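Please read the following report with the sequence and the three-dimensional structure at hand. It moves from single residues to the contacts between larger parts.

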Amino acid sequence: MRSKLAEWQLALPLGLAFAALFLAPLLLLVGVSFYNDEKITQLGVGSWSGFFGDAFNYKVIVDTLLLGLKTICTTVVIGYPLALVYMDLSPRLQKVLIFVIVMPLLLSVVVRTFAWIVVLGREGVVNSVLLGLGIISEPLKLLQTELGLVISLTQIEMPLMLLPLISVMSRVDPNLRDASAALGASRWRTLFTVILPLSMPGLVAGCLLVFASSTTAFISQTVIGGVRLIYLPLVIWQQALVVYHWPLAAVASLSLMISVMTVIAALSWIGRRSGGYVNG
Amino acid sequence: MFNRRQLLAGAAALGGASLLPSLAHAKGSLVATTYPGSWEDAYRSVVAPMLKKKDDITLDLAPLFAMDQIGKAKAARGAPPFDVFLLDPGPRIVAIEGGLFDKFDPKKLSNLSKIPDGFADEYGVCVSAQVVGIAYNPKKVPKPTGWTDLLKDPWASRLGLTGFQTTFGTSSIIEISKQFGGSLTNIDPGLVELKKILPKVAAVGLPAAMPGLFQQGQCDVMYTNTQTVSTLKGKGVDIEFVKPESGAIAFYTTMHVAKGTEAVENAYKYLDLVIGKDVQAALTPEPYNFLPVNKDVPLTPDMPMKSLDEMAKYINHDWAKINPLRAAWIDKFNKEMAK
């Protein structure tokens, strides 16, 4: 009993910080959303009904979630094979690869985003190379397209996919692969029936992080995507800092939070389920 | 391609500046906002050293567009994150309505007599004037003559657009709309025309992103102010300013002391310095091209006007009428321009 109390007390500082810095502002956000007017004087559900009474905002929410899912797909398709390669590397090369993976995190996201302007722009690296090789005659439009945005987000978010994936995969017993091969399974079968299920917790964790980060990546979305691709963070910024309609900004923020958390809950559920499958 | 300052400016403009100030309320310091880009360059390299030298005040600059300044000041509720605002006419009215300014006493400015009558009032002081028109890359597209050219080829497919977030964006779309039967309070005709050319338009971006997009060749024609053109030119970008045939837009840029600031005295010293001859004379020539408000500082020959008296001949917009409509315009722009 005594030790339990001590444990509880140990969690107290974090709990209080959490309450003060996260819960209280969140409640404030919820509170502000229940005002009708931008001067925050008139209580009501006008901001909610206004936001959800506008079909355009549904499109924005769906586009935001789709952007997250697309980024998940590309980071998995590129990241997973890289994690497989990592498993087979010598410890020294593994360290090099980890460094390469972590390196982008050491740069500000602003720098990475502006670098992508230079790469994807009309007179950027990609277009110059393709034009120079005679593959295209007119510059491709990559900047301010969803394709360009997904390409850059894939690079920007890649560490968030790879780090949890690698940490889980490096704990997978290499003997399991040998055992699978010895029992006659092909490499593909080993991958899909042994490695993939065992790496599922890492994969799901990576997906969660990539999803949460890419759906809220305001700078990348607006600088690379431009303002014709409208995602929730842009709506929040406009309402909060351009129009000063805080109740609407609060509704948009909560919508972003709720929709992202719903997808995250679904992903965790899949993760738990696959975990059960592996252990069962 | 981008130096540290530009990147910081970009980050700040995009909302990252909240961490910048707060450090600076030590004695002999002042936090003032400035616009990202040419204003920041000029104030950092010219005004900050002068203020340090003359009054031993360390100037911290928070690069923020006018509307962002209001947003942050409102969010801070009585504890302003900076001591001095730099604003355009529209946001100035919003800030006055929101009670964000300390009552201003022009008599505290020793240089008051050097600026024209009416340039300082109970809210703040005019520090410069801005002229908005069309910028284009002379190596890529022919010189456009007016707003309607932007909607025709070859310009339309090289056009960079921004919405109603800034004064220059709002003013320019109003002027485009006027060419098609719109007015100060009716921008619909302009949006209809812009929407027609939207599939081929080169870029639609946030205001803070536009100079970068122009520099990178993503767009070759855009609407902007004369200072942005000078700054980009100073960086070796092929860019020229055009006064549209229907007239360029001009407005005064003002500075204000934030309500609740503890650095009131330093703020007045700063404002006095800014309208003083030394700063105004230093910011007038290339590469800054700021329109001076000090009577002792003549305008340079390549400026869009010969004297501030010409301001009356330029297009002036009544922001008291524009402000109430802007939220709906931003919403409309989102919807019309969205893919």
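A:Gln144 counts as buried because 29 C-beta neighbours lie inside 10 Å, where buried means 20 or more other C-beta atoms within 10 Å of a residue's own, with C-beta atoms placed from the backbone. This is a predicted model, in which local features need pLDDT of at least 70 and side-chain atom pairs count only at pLDDT 80 or more, while totals for chains, interfaces and linings use all residues. Residues are numbered from 1 along each chain as its sequence is written, and chains are lettered from A and ligands numbered from 1 in the order in which they are written.

Most residues other than glycine have a negative phi, and most peptide bonds are trans.

| Residue | Phi |
|---|---|
| A:Gln144 | near 65 degrees |
| B:Asn289 | near 55 degrees |

B:Asn289 is also buried, with 26 other C-beta atoms within 10 Å.

Chain B is divided into domain 1 (4–129 + 251–312) and domain 2 (131–249 + 316–337), with bounds that come from an automatic or database domain assignment. Between these domains, 23 residues of domain 1 are in contact with 22 residues of domain 2, contact meaning that the C-beta atoms of two residues, placed from the backbone, lie within 7 Å. Between the chains, 30 residues of chain B are in contact with 29 residues of chain A.

How values were computed
Buried ≥ 20, exposed ≤ 12 C-beta atoms within 10 Å, placed from the backbone.
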